[in-house]
Amino acid sequence: MPTLKQLAKREEKFLSGHRLCAGCGAGIVARMVMLAIDKPVIVGNATGCLEVASTIFPYSAWKVPWIHSAFENAAATVSGVEAAYKSLKKQGKIDKDVVLVAFGGDGGTYDIGLQSLSGAAERGHRMLYVCYNNQAYMNCLSTDSYIMTKGGLKKITEIKQGEQVYAFDQKNYQLVLKKCTGVFDNGIKPVYELKTLHHSIKATDNHPFLILQRNGRGRKNSFVWRTLAEIKPGDEVIVLKNINPGRSAEFSFTKVTTKDYKVNRLNDVDIPVSSSPDLMRYLGLYVGNGWVRSEKGEVGFALPENTEGREVLIDLHNKIFGGNLRTDKVYIYINSVDLARFIDSLDFGKGAKNKTIPRWLFTLPLEERESFIDGLMLSDGYKTGNSCRYVSASSELLSRLRALLQITNYRVGNIHWQSKEKATKCADRELLQDAKYGYVSFSKRGKWNTEKYLGQYRYKNFLIGNKYFDVEKVKSIKLVGDEPTLDLRVEGEHNFIADGIVVHNTGIQRSSATPKAAHTTTSPLGKVIPGKVQFPKDVASIMVAHNIPYVATSIPGRWNDLVSKVEKAISFDGFTFIDVLTPCRLGWPYEPELTMEISRVAADTCIWPLYEVIEGKYKLTYRPKEKKPVLEWFKMQRRFAHLLRPENQELLETIQREVDRKWEVLLTKCGR
Amino acid sequence: MKVAKTGNEAFAEAMRQINPDVVAAYPITPATEIVQLFSQFVADGLVKTEFVAVESEHSAMSACIGASAAGARAMTGTSSQGLALMWEMLYIAGGLRLPIVMAVVNRTLSSPINIHCDHSDTFGARDSGWIQIYSENVQETYDNLIQAVRIAEHPDVKLPVMVTTDGFILSHCLETLDILSDEEVQGFIGESPERPNLIKSLQENKPITIGALDLQDYYFEHKRQSAEGMFNAIKVIPEISKEFAERFGREYSFFEEYKLEDADAAVVVMGSTAGTAKEVVDKLREEGRKVGLLKLRVYRPFPAEMLGKALSGVRSIGVMDRADGMSAVSGPLYPEICGALYDVNGKKPVIQDYIYGLGGRDVPMEDIRFVFEELLRTAETGKKEYTLKYIGVRE
């Protein structure tokens with residue numbers, strides 16, 4: 001095994017100038033593998049990042065003979081090179097000893113290339129196959145999605161089997177309630193964001209959406225299901241614009257007495273028993289500018305003098321709650337334990353960054369929803385003509401507001417984020433510190449005289465007369481990265497409404513529409529994170545089962561591990577395989593300088609244990625001094641951001657248990 | 001030397017005599033025998049070949065590509081579904097300009113599944129950048145494969161070649177043929193001419209990259225160069241045929257003209273049906289009717305200009321297509337024959353297409369006679385009666 005100094009003196013065979021991303025693991029792995037081989041070498045490469053970025057004609061980053069033919073056949077192609085080499089050597093046409101190396105990504109190795117890999121391994125061609133495994137995934141909706149249910153708007157992660165969700169009745173184009181009969185965790189997959197003018201949703205490329213198919217004038221239009229991959233900008237998806245009139249919310253709040261609460265005097269207020277437009281406008285102002293300190297029994301509003309909201313709030317307060325309030329130049333204070341506790345019980349969240357819109361608000365009557373939006377606008381809104389803009393530091397508040405606006409007959413733009421420096425004016429106030437603010441713009445839908453020219457409008461907008469649904473053109477579809485995904489199964493209509501858009505439930509993914517979507521109980525795609533509900537394909541073990549002389553796993557972050565394994569592999573006369581966990585800074589994503597570190601943490605957490613199997617005998621090549629919790633690895637990558645939220649605690653624990661189990665199994669195989 | 005061999009045996013024998021460096025193949029009916037016989041040659045040490053018993057046709061072509069790119073003379077054989085599974089790799093072999101030679105036994109494509117002959121498998125691969133040579137009988141099957149090596153490796157061509165024979169009709173039919181001695185074959189094909197390859201580049205320490213990403217700025221030029229290789233083959237194929245004729249006495253061209261010179265009506269036909277059709281021509285000639293035949297041997301490169309000249313004197317032409325176009329103008333051959341004859345010497349012959357023999361449907365002499373009767377009638381009237389007719393089918 002050469003030292004680092006000796007390695008540094010070797011001639012580079014994979015040169016700079018390639019166009020891989022900064023911090024790309026694949027380039028590092030290719031370079032290390034090539035440096036480790038101190039012999040004449042011929043390389044075969046499967047189609048993929050490494051190939052595309054390193055050989056853009058007329059340039060090549062390879063200072064060795066190199067061949068690429070297709071995606072799924074690197075092993076077969078190199079087996080042909082090996083056969084040629086053997087034949088020519090027998091004939092005395094070449095005298096050198098040549099090392100043959102095939103590089104494949106996880107797709108070209110685990111999935112489409114598995115047959116070719118298996119064939120070459122079984123035939124025992126003398127070559128080293130290096131899988132630069134950057135974990136690509138497929139298939140569903142991002143766990144960011146909001147689902148419209150009978151009980152209001154819920155995150156997809158909150159949906160339970162048996163719950164009533166809203167669906168699109170494909171016969172009568174009506175809004176119907178259907179029972180959700182299953183929730184499926186589909187693991188981490190690349191998701192795409194589909195945007196229309198007023199809606200956006202994140203889903204995997206094989207998730208089906210309901211598309212309006214225009215069959216030409218005079219012919220009946222129809223609806224068809226298309227997967228995201230088949231949808232093009234300009235296609236029309238079905239969106240929800242309104243839900244049932246709804247009912248006022250009822251509150252059962254028990255007032256406290258001086259016995260319960262040890263203060264001398266309770267500022268006695270009236271607590272309403274149900275929601276009303278006035279109360280909702282008041283709460284709108286609260287969400288924008290209010291705070292609650294329930295321990296002190298204080299409710300406050302930051303509404304300076306000369307703002308419209310200040311007077312409205314004082315009026316509303318007197319009308320609804322009564323009781324005393326105190327004002328100074330900027331703030332309004334109400335010292336009332338009951339009021340504080342009452343507002344607390346409504347689930348609006350606390351603190352500017354964590355405010356939200358509770359799910360019950362989504363089922364209120366239209367008028368109450370509009371009053372709430374009014375109240376919000378009086379607090380942190382701008383109005384220019386018909387166009388409104390609402391500013392907030394809470395991303396959840398903004399995305400839920402967006403969903404609320406969408407079903408309250410507003411046109412809604414995307415959420416935009418901007419950073420502002422201290423003292424810039426924002427919503428009539430100066431910022432007290434540097435801050436990141438998001439805003440969402442919206443406006444009332446114009447009134448179309450659909451009575452007069454219904455036919456014409458109907459042609460333009462097929463669902464114009466529909467009370468609940470509308471069609472919207474798709475503006476863009478963009479890859480946004482890997483995210484945890486979930487999907488629902490819904491009885492009857494087999495669809496549901498996610499982020500305001502009608503989407504198909506999970507059933508179809510098992511049909512011929514999605515060839516790669518064997519996504520439920522098995523996880524056939526190339527992934528390595530153990531412990532998902534669907535377990536990854538253990539290709540290293542599959543290769544061990546081929547009885548080849550050498551199989552190993554490695555990472556770029558431990559150069560001596562990778563280099564020594566490559567050296568060992570090429571010393572065997574036969575087919576050898578090294579599966580290298582190769583961080584992908586765009587896909588995972590993380591900052592480019594963390595590539596090596598992330599790969600090391602994968603080994604330290606035992607998510608990617610490092611071992612080798614020589615002639616069937618397992619040997620652990622790296623035993624972490626202290627086995628870190630899997631969370632340590634997940635938190636380094638943005639694709640796992642959702643795993644860190646409290647609602648996913650259970651999922652995280654499941655993963656940890658599975659990693660632990662596999663680690664134990666591996667230790668046993670290695671003789672502990 | 002006269003021997004009796006089936007088409008498959010003739011292919012295998014020719015491969016043994018060519019003695020390629022690498023053969024990677026996977027068995028498929030009706031080409032299985034080629035692989036079986038050849039692996040026996042390997043087992044018996046009769047060839048120097050590295051035989052790669054791959055796990056699929058896709059890998060067979062992939063391994064041939066790897067081997068050929070590494071500088072080896074690589075061969076394979078397949079049929080029908082196997083060829084279809086290779087599809088992706090056919091274009092890559094063509095695009096990388098690798099002189100791979102493939103023995104193809106023509107069999108129809110599923111579905112419905114059927115193991116018998118028609119030309120739909122290789123017709124489909126017509127634009128893949130492969131030279132295609134069709135055989136009428138076992139003798140041609142043998143001779144074509146030997147010539148294919150020279151054509152593929154010619155420095156002006158450098159393209160893969162597939163030689164076809166009709167499934168079962170020829171592949172399993174015992175015929176007498178004249179085979180050459182091993183020395184004669186080796187003397188004819190010679191050493192593979194030098195071309196850039198992986199192992200040579202390694203030996204000379206001047207590494208090359210094969211199969212780079214070709215974007216908008218180069219792809220078109222490289223495709224154009226491949227087409228140029230095809231155009232060059234139009235010159236090269238007759239040179240090689242001539243040399244073959246000089247050495248061994250059997251002459252081949254792009255096509256064979258049979259009693260065509262003064263014919264009023266003629267059929268254009270490929271593969272084994274040409275043999276049957278010649279019989280019909282002879283019978284009709286005995287009856288004093290002026291009929292002839294053109295047997296197309298080389299389908300790619302398509303010898304349009306030569307065909308135009310050869311057929312320009314014929315008043316009525318029937319194109320025999322052993323593959324369907326599924327609602328295209330006709331079968332695949334007809335439009336190309338029309339193209340070749342369009343506006344040649346200001347003449348406008350009647351041209352009609354006959355789709356026949358799909359899935360190995362027998363082609364009796366009566367069917368061909370029926371075609372000639374129709375052609376002679378249209379030759380008289382000068383009026384085309386239809387573009388496409390299916391013959392020998394219950395409808």
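Guide: A residue is buried if 20 or more other C-beta atoms, placed from the backbone, lie within 10 Å of its own, exposed if 12 or fewer, and partly exposed in between. This is a predicted model, in which local features need pLDDT of at least 70 and side-chain atom pairs count only at pLDDT 80 or more, while totals for chains, interfaces and linings use all residues. Residues are numbered from 1 along each chain as its sequence is written, and chains are lettered from A in the order in which they are written.

Visitor: What makes helix H2 of chain A mostly covered?

Guide: Eleven of the twelve residues of H2(A) are buried, among them Ile28(A), Val29(A) and Leu35(A). Helices here are DSSP runs of H or I with at least four residues, strands are runs of E with at least two, and both are numbered from the N terminus.

Visitor: How do you know what span to expect of H2(A)?

Guide: The expected span is 1.5 Å times one less than the number of residues. H2(A), residues 25-36, reaches 16 Å from its first C-alpha to its last, close to the 16 Å expected.

Visitor: What makes a residue of chain A count as being in contact with chain B?

Guide: Two residues are in contact if their C-beta atoms, placed from the backbone, lie within 7 Å. By that rule, 40 residues of chain A are in contact with 41 residues of chain B. H4(A) gives the most to this side of chain A, with 13 residues.

Visitor: Why are E2(A) and E9(B) said to pair?

Guide: Strands pair if DSSP finds at least two bridges between them. E2(A) and E9(B), residues 209-210, have two bridges in the parallel sense, so they qualify. Ile67(A) stands opposite Ile210(B) there.

Visitor: Which strands pair with E6(B), and in what sense?

Guide: E6(B), residues 131-134, runs parallel to E7(B), residues 161-166, with four bridges, and Ile131(B) has Val161(B) as its bridge partner. Two bridges join E6(B) to E13(B), which run antiparallel, and Gln132(B) stands opposite Arg300(B).

Visitor: Why do the residues of E6(B) point two ways?

Guide: In a regular strand the side chains alternate between the two faces of the sheet. Ile131(B) and Ile133(B) point one way, Gln132(B) and Tyr134(B) the other, and all are buried.

Visitor: Why is the β-α-β unit of E6(B), H7(B) and E7(B) called right-handed?

Guide: A crossover is right-handed if, with the strands pointing away from the viewer, the path from the first strand over the helix to the second runs clockwise. The unit made by E6(B), H7(B) (residues 138-153) and E7(B) is right-handed.
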